[in-house]
Amino acid sequence: MVVEMTQTSKLIEGRTGSWEIVLGLEIHAQVASHAKLFSGAAVGFGAGPNEQVSLVDAAMPGMLPVINRHCVEQAVRAGLGLNAKINLWSRFDRKNYFYPDLPQGYQISQFKDPIVGEGEVEVERDDGTTFIVGVERLHLEQDAGKSIHDLDPNWTYVDLNRAGTALMEIVSKPDMRSSDEAASYVKKIRTILRYLGACDGDMEKGNLRADVNVSVRRPGAELGTRCEIKNVNSYRYIQQAIEYEARRQIEIIEDGGAIHQETRLFDPGKLETRSMRSKEEAHDYRYFPDPDLLPLELDPAWVKAIQDSLPELPDPKRKRFQSQYGLSHYDAGVLVADQARAAFFEIAAEGRDAKLVANWTVNNLLGRLAENGGDIETSPIPPQDIAGLVKLIEDGVISSKIAKEVFDHMWAGEGTPAQVVEKFGLVQITDTGAIEAAIDKIMAANPDKVEAAKDKPQAIGWFVGQVMRDTGGKANPAAVNEILKTKLGL
Ligand code: MN
């Protein structure tokens with residue numbers, strides 16, 4: 001049976017025909033919290049080794065975990081933001097495995113009964129079209145510590161600062177069909193979590209990272225065997241890892257081999273994935289309910305209160321920006337991708353031509369900021385000045401062309417739009433007398449062009465260009481066109 005998907009498969013051509021990539025993601029997002037999931041130890045980045053470790057985190061005998069209510073609230077908030085089912089009854093399980101940076105000998109996670117069940121997320125592609133990714137579940141679990149192998153040739157050091165930090169693991173359904181879709185999905189999850197304040201989304205610090213499950217199949221065939229690429233922490237790496245891994249699998253199958261389920265690591269230096277360990281099954285971990293923790297029972301009224309406190313999320317905000325301000329799907333999407341951008345726009349658009357404000361914010365300001373490696377928080381131009389610039393255009397004080405020059409001065413910190421216009425004499429010439437004089441001069445100097453324009457009305461463009469040059473771009477274009485038409489008898 002062929003299932004119709006909203007996803008668009010970007011087929012890969014192998015030697016023996018076309019292949020489709022199937023992708024599912026497990027995103028680990030660090031819960032925004034001051035304390036760990038089961039201890040009062042601080043969570044923070046940049047502390048000295050083992051400075052943020054309680055006796056619980058170090059798994060001293062007899063220590064008991066105590067659930068952090070704030071982390072539970074954050075998980076519920078995230079679940080609601082993903083349009084997912086909140087399970088009022090959930091439970092913590094021990095996932096047993098040995099690792100030097102896991103002193104308990106097990107990770108406290110949620111196995112059969114996660115706090116959040118199925119949900120779905122609408123994801124935008126770069127071209128503005130959208131697709132739906134199903135969320136399988138979201139569960140709470142502890143992060144492990146960190147082994148440090150490069151400090152000493154003979155010893156491995158262990159830093160437990162991260163041990164016990166609360167993570168939300170968001171498991172998607174295998175609903176993505178290209179590396180672009182996977183990257184867009186991670187972007188969307190990150191945006192939603194940041195809106196909710198449930199995770200800061202800092203991928204460089206590893207606070208949001210993805211395990212990517214990759215398999216390939218003939219279009220429409222059964223799912224192939226998947227390999228999981230662990231802990232990829234940038235959009236670009238996610239895309240590169242998928243592209244490499246899909247090619248690797250296709251080559252093996254086309255050579256007559258079979259894919260073995262395994263866990264792999266992506267090496268960004270070599271742009272390849274390599275085997276880490278053969279994939280373990282759930283039963284290898286001997287999961288069982290943690291006897292130190294009671295099941296988690298949520299009060300429906302508490303969940304309702306969290307629901308009522310949610311901020312306006314990216315999807316409804318985008319729709320509102322389109323209907324309230326008349327913005328294009330694209331501009332609205334760029335603006336709501338970040339809460340600070342959206343807030344900036346709304347301040348600037350107050351009482352102004354909103355489409356013009358969006359245009360200046362998206363194309364000029366965000367473009368310039370991106371070139372300089374910044375975003376709206378680092379903008380040297382406040383929203384009031386974008387509003388001021390647009391007002392000058394609306395009032396006909398400056399043309400859009402001059403506005404670009406004014407913008408450059410604003411960017412350089414040379415004042416508000418009004419101050420810049422004053423200081424550099426950039427006021428638009430709307431005085432028809434001055435424009436007429438400029439036109440007369442040009443016509444007198446170019447009788448042949450005047451003659452030609454009578455047969456070829458589109459030659460008016462040449463005259464407009466000349467007037468603009470003579471007036472330093474300050475002539476009002478509408479007035480120039482009007483007067484030229486009359487004078488040329490068009
Ligand atoms: Mn996990």
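This is a guided tour of selected sites in the structure, stop by stop.

The model is predicted: local features require pLDDT of at least 70, side-chain atom pairs count only at pLDDT 80 or more, and totals for chains, interfaces and linings use all residues. Residues are numbered from 1 along each chain as its sequence is written, and side-chain values use heavy atoms, with hydrogens and water left out.

**Stop 1: helix 6 and its surroundings**

Select residues 329-336, which form helix 6, and then residues 339-349, which form helix 7. Helices (H or I, at least four residues) and strands (E, at least two) are DSSP runs, numbered from the N terminus. The axes of helix 6 and helix 7 come within 6 Å and cross at roughly 115°. Here an axis is a line fitted to C-alpha atoms, for helices over the stretch in contact, and angles run from 0 to 180 degrees between N-to-C directions.

Next, display the side chains at the meeting point. Val334, Leu335 and Val336 of helix 6 are in contact with Arg341, Ala342 and Phe345 of helix 7, where contact means heavy atoms within 4.5 Å. By class, this contact has 5 nonpolar, no polar and 1 charged residues. Nonpolar covers Ala, Val, Leu, Ile, Met, Phe, Trp, Tyr, Cys and Pro; charged covers Asp, Glu, Lys and Arg; the others, Gly among them, are polar.

Remain on helix 6, where 6 of the 8 residues are buried. Buried means under 20% relative accessible area, exposed over 50%, and partly exposed in between (1.4 Å probe, protein chains only). To see the buried residues, select Asp331, Ala332, Gly333, Val334, Leu335 and Val336. Their cover includes helix 2, helix 5 (314-325), helix 7 and helix 8 (354-371).

**Stop 2: Met176**

Move to Met176, in the loop between strand 10 (166-172) and helix 2 (179-196). Met176 counts as buried, at 0% relative accessibility.

**Stop 3: the loop between strand 2 and helix 1**

Select Leu55, in the loop between strand 2 (17-30) and helix 1 (69-81). Leu55, Met60 and Met63 form a nonpolar patch on the surface, with about 270 Å² of accessible area together. Patches are made of residues with over 30% relative accessible area and no salt bridge; like charges are joined within 9 Å, and nonpolar side chains (Val, Leu, Ile, Met, Phe, Trp, Tyr) within 5 Å. Accessible areas come from the Shrake-Rupley method with a 1.4 Å probe, and for residues, only the protein chains shown count as cover.

Asn50 also lies in the loop between strand 2 and helix 1. The phi of Asn50 is near 60°, a positive value in a residue other than glycine, and Asn50 is partly exposed, with a relative accessible area of 37%.

Then select Asn83, in the loop between helix 1 and strand 3 (89-90). Asn83 has a phi near 55°, a positive value in a residue other than glycine, and counts as exposed at 55% relative accessibility.

**Stop 4: salt bridges**

The structure holds 35 salt bridges, each a side-chain nitrogen of Lys or Arg within 4 Å of a carboxyl oxygen of Asp or Glu.

- Asp211 and Lys230: the side chains meet in a salt bridge (3.0 Å, N to O). Asp211 lies in strand 11 (residues 208-217) and Lys230 in strand 12 (residues 227-232), so the pair ties together parts that are 19 residues apart in sequence. Asp211 is buried, with a relative accessible area of 0%.
- Asp308 is exposed at 52%, whereas Lys304 is partly exposed at 47%.
- Asp470 and Lys441: the salt bridge (3.2 Å, N to O) links distant parts of the chain, with Asp470 in helix 14 (residues 460-470) and Lys441 in helix 12 (residues 432-445), 29 residues apart. Asp470 is partly exposed at 35%, and Lys441 is exposed at 56%.
- Glu124, Lys188, Asp315 and Arg318: these residues are linked in a network of salt bridges.

**Stop 5: helix 14**

Finally, return to helix 14 and select Ile460, Phe463, Val464, Gln466, Val467 and Met468, which are buried. The cover over the buried residues of helix 14 includes helix 12, helix 13 (447-455) and helix 15 (477-488). Just after helix 14, Gly472 takes a positive phi of about 65°.
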